[in-house]
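Open the model in your viewer and keep the selection panel handy. We will go from stop to stop, picking a few residues each time.

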Amino acid sequence: MTSLRIAGGTIYDPANGIDGAVGDICIRDGTIVADLPADAPRVDAAGMVVMAGAIDIHAHVAASSVNQARRLLPEQHAADPFAAPRLTSVVANGGTGDVVIPRSGTGGTVPSTFTTGYRYAGLGYTTVFDAAVAPISARDTHAQFDDTPIVDTGCFVLMGNDAYLLKQIAAGEKERARQYVAWLLGATKGYSVKIVNPGGVELWKENVREVRSLDDAVGDPKVTPRAILETLTEAANELNLPHPVHIHCNNLGQAGNVATTLESMRTTAGRRAHFTHLQFHAYAGERGKTWSSGAKQITEYLAQHPETSGDVGQVMFGQACTLTADGAVEYMLHKSGGGRWVNVDIELETGCGIVPYTYRDKAAVAALQWVVGLELFLLSPDPWRLVLSTDHPNGGTFLSYPRLIHLLMDRAFRDEQLKAINQKMIAGSALADGLAREYTLQEIAIITRAGPARLLGLSNKGHLGPGADADVTVYTRDDDRTRMFETPRYVVKAGTLVVEEGQLRRAPAGARHSVRPEYDRAVERDIKTYMDRYLTVAFENYPA
Amino acid sequence: MSDADADAPPPTSAARGTDPAAGQITDHVTCLGCGCGCDDISVVVRAGKITEARNACRIGAQWFGDGVVPNRVRVGGQDATIERAIEAAADTIGKADGVLVYVADDVSCEAQRAAIAIADMLHGTVDSATSSTAAGGILAAQRRGRAAATLGEIRNRADVILFWGVDLADRYPRFTKRYAPDPEGLFVPQGRIGRAVIVVDVGAENGPSDADFRIRVSANEEVAAQALTRAAILGRAAPNAAPDSLDARTAALASKLMAGKYVALITDGEPVAGRDPSRAEGMLAIAESLNASTRCALITLRAGGNRVGVDAVLTWQTGYPMAVDFARGYPRYVPRSEATADRIADRKVSAALVVGSSKSVPDAVREYLADVRCVVVGPHASESTLQTAVAIDTGVAGIHEGGMAFRTDDIPLRLRPALSGARSARETLLALAATLAGRPSGPA
């Protein structure tokens, strides 16, 4: 295996307290080491910015729902072809095992798998988690991951509307619920528990389109969004999962939903919990009447609760594709916009909804969403616990991350856009009143690397200390932050130089992150009885 | 490859006895005879032959057969070593001006991935039977989206089930027993008697005989019937329709559907020839409109052989579910209507790689390939009637080879081979890809 010295760069490594110090990063056998012989191969990074490889804590890149969205968007793919890269060394993964074939593909808001891997790496991202995998379709996800080169991957498994879990809650069987969570994570090769609209997806299947409170009954009166949140949060914490529970709250996208979000946060208080794409859950006002920003209420809660974390789910103007397990939301969006709509109810587990969508800066709600996301960032009490995401491709694609970083780092750039957007709903918002904060490079390193790594429990990632995985990104310093973060000069993945002089040169396979918590094997009998009775895939074949 | 590809059977599976008289039994085998993907088949093997496929229907039993496949490697009509055949195959398609990679039935998704990689590398065209049999529905869903569900959701929840012009007994024999309407469901504990079954017979395509309500339309009336049904669902039925008119029949149908809490519309995604291709969009429109007031999912049944898997793999690798041309060095969508499915590509094809059971290649494609030199890699390749320059026999995915396949509703399934010994299609294609990739001149 090779050695590499990245020499003389300006290092931003917040996990190790290094904030802009000039130094070398030494790599041997895929790992960062303290030093190397003087004659080891080197790249000159003098004057450049060196950070760990970036980590996307929440994206949709390889689920069955993602493939449904891909299939829906031929016109986007046609407009964004991706020719096979000219790789200098064929090391791994062209979809063919040991043979490496550089692969072409297509982009748009939901790119093909190879293009997804290449483009993430091209932005300096080296780890990506798919945030919503239906358990029964886990094999599909892992196959798509196999065809997503370079980046490390992992997935969160949808459980918040799972009929077996809800049965355990109805029966007061907390212990069995926990055993089931452990079993299901192992069976699906998942990384963490995902909750989407707890109970609300099941209600949507029953034609109940709205969750009014966390205490709404989901079939059985003992089964409520609150009980689902409590059961799964407790189970995940007791199982000591590296990333305990990843929550998409009820009432996504509704005016006034910040109350639901805060109530959900209070329900998990005292236990670790991650609340995702908070921008979509941080609206004050009243349903059907008024909309305003509720960002401040969220950041105030986070300031008081170190056990709670989140990612933002920023909306970026332009084309997006909304895709979620939250089927009810997508029907609403379809009815309000009139566009194409896909819904797939997934047997006794979860749902899937897809609506291609464009956020226009002249549209009042989109403008408010943009403001709410930026307020969450700019009012954040702790960048370690409120990290960057656009909920790719829901709020915008991962290709918009450099521009988002630019908005955070450059107030003049931000204010210029603020002036141009629809003002109807943003009067009196904190951003409109003037938020001066500009993120530093160190803070960017936190919200894109060190923070996500810590929240995911990936101790070897997101930093550059000895023993860390050798995932490193080197940027050419540029006041135009969009340009700077769009085109890293070098990207190293597990010790392999994948981007050289801004060009993709190698495409090794990434690693898969999964957990296999211990559980009492006795629970399998009950699960098997249930599956034999109701599911259409045999327990013995289920799923990954 | 990740360990997701390692298909170690779980402890509960496989051989229950080794008594040769009793035979070797493999349980929980997935059948790819049609798109239903039943995974409860117990395959009995005696003396290297399948003697029984328990639980399998007529189509399944035929698909499993006795499991005997030829194991030959032929170059230019002569027996050859596999190494020689791989080289010859690479010569045939690697030096050709315009290559078609045709993914036929009975290969795993893993083999499909390798086949598409070869097409990408050679700047060829990829297609599958989907273009000939199901393009209309896929194109319609791309235009307007679709409201769907997996088969288990229907089984557990649907209280109204409409079979629209699909002859289940003939084409999907176990559907009614395994998915709906017969089985007990979590929310339909009474099974069949807890559900209303509605049938629309279209021409000669008759639904189940025990319908609670049925209407009949001629093949010519089908699309009009869909439009009228949708209008009635949207509250715009024609006033004063004459009794027994199409208006009156569809209005009655609409009211039956709207009375459901969770309505499943079951239709055939690969119907017999002669049905109006516009019907696919009509079904999508009915399903969408029902969701305004109740819940509704459309189930589009597809044929077997992991045909649906090609759509899925092509989609994740290229962005398109069928008919992909890599001539420009990137995927381009070249879909065709079913009427022109025989015109595979708008450019000359001088060689083809046919992957899978070549007997599943539709007649129109077969005609198109009449003058084209073919490399055939798949079950019974050596018996292919195509212009076969190179033939490499392999096993059948799901019978001899493991991996993944997709059910008609896009649910991924584990394949659990009951027989061993046949050559692996996946390994053969990987070897071919490696040979092509290793050649100094390389692809275009």
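Which residue stands opposite A:Ala284 in strand 15 of chain A? Select A:Ser292, which is the one facing A:Ala284 there. Before moving on, note that this is a predicted model, in which local features need pLDDT of at least 70 and side-chain atom pairs count only at pLDDT 80 or more, while totals for chains, interfaces and linings use all residues. Residues are numbered from 1 along each chain as its sequence is written, chains are lettered from A and ligands numbered from 1 in the order in which they are written, and side-chain values use heavy atoms, with hydrogens and water left out.

**Stop 1: a hairpin in chain A**

Now show residues 283-286 and 290-293 of chain A, which are strands 14 and 15; four bridges join them, and they run antiparallel. (Strands are DSSP runs of E with at least two residues, helices are runs of H or I with at least four, and both are numbered from the N terminus; two strands pair if DSSP finds at least two bridges between them.) Three residues separate the two strands of this hairpin, and A:Gly288 in the turn has a positive phi of about 75°.

**Stop 2: a salt bridge within a helix**

Select A:Lys296 and A:Glu300, whose closest N and O atoms are 3.7 Å apart in a salt bridge (a side-chain nitrogen of Lys or Arg within 4 Å of a carboxyl oxygen of Asp or Glu). Both residues belong to helix 10 (295-304) of chain A and sit four residues apart, about one turn of the helix.

**Stop 3: across the chains**

Next, pick A:Glu206 and B:Lys261, which meet in a salt bridge of 2.8 Å, N to O. A:Glu206 lies in the loop between helix 7 (200-205) and helix 8 (225-238) of chain A, and B:Lys261 in the loop between helix 10 (246-258) and strand 12 (262-268) of chain B, so the pair joins two chains.

**Stop 4: a three-stranded sheet in chain B**

Move to chain B, where three strands form an open, antiparallel sheet in the order 1-2-3. Strand 1 (24-29) and strand 3 (49-54) are the edge strands, each pairing on one side only. Five bridges join strand 2 (41-46) to strand 3; for B:Val44, the bridge partner in strand 3 is B:Glu52. To finish, select A:Glu202, A:Lys205, A:Glu206, B:Glu153, B:Arg157 and B:Lys261, which salt bridges with shared partners join into one network.
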